Amino acid sequence: MDEPHGGFHLYPDFTGLDFATSAELAASMLDEHGVGVLPGHAFGDDPRGLRVRVATSLLYGETAERRLAALEAPDPLEPPWISASLDHLGEALIGLNRVRRTPGGHRRSTVVPAPVTG
């Protein structure tokens, strides 16, 4: 069997973040960061497992014209709608580390240094 060379979903594991369930994690990503994902338990995972399914197909564009332009681009990160979407996703993932719960169940923000880019 050939090794896969691509796919339509990412399935990251967020074990270690302070969420009780994958549904809570998915809700936080949508409500606090504007990123829609599906909780892992929708695919048979234990609800306490902090995994979500992230579809990548919309990164290529919402119109046939954009999808074709993305497929024909010499650099897959070149189209501005792709790079903007990836930047937004990166900011959301960094933001997940900024929000923690206090022992009483309330969330508080922590200061996390921004990554150095160059």
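**Pocket talk**

Trainee: What share of the contacts with a separation of 6 or more comes from residues 24 or more positions apart?

Mentor: That share is 56% in this protein, where a contact means heavy atoms within 4.5 Å. Keep in mind that this is a predicted model, where local features need pLDDT of at least 70, side-chain atom pairs count only at pLDDT 80 or more, and totals for chains, interfaces and linings use all residues. Residues are numbered from 1 along each chain as its sequence is written, and side-chain values use heavy atoms, with hydrogens and water left out.

Trainee: Why is the largest one called a pocket?

Mentor: On a 1 Å grid over the protein atoms alone, a pocket is an open set of points with protein on both sides within 12 Å along at least five of seven lines, whereas in a cavity a 1.4 Å probe fits but cannot get out. The largest pocket comes to about 360 Å³, a volume being the space filled by probe spheres set on the points.

Trainee: What makes a residue part of the lining?

Mentor: An atom within 4 Å of a point. For the largest pocket, 15 residues qualify, and V35, A55, L58, L59 and S85 are the closest to its centre.

Trainee: Which elements give two or more residues to that lining?

Mentor: Those are β3 (52-55) and α3 (80-98), with α3 giving the largest share, 4 residues. Helices (H or I, at least four residues) and strands (E, at least two) are DSSP runs, numbered from the N terminus. The protein has 3 helices and 5 strands, in the order β-α-β-β-α-α-β-β.
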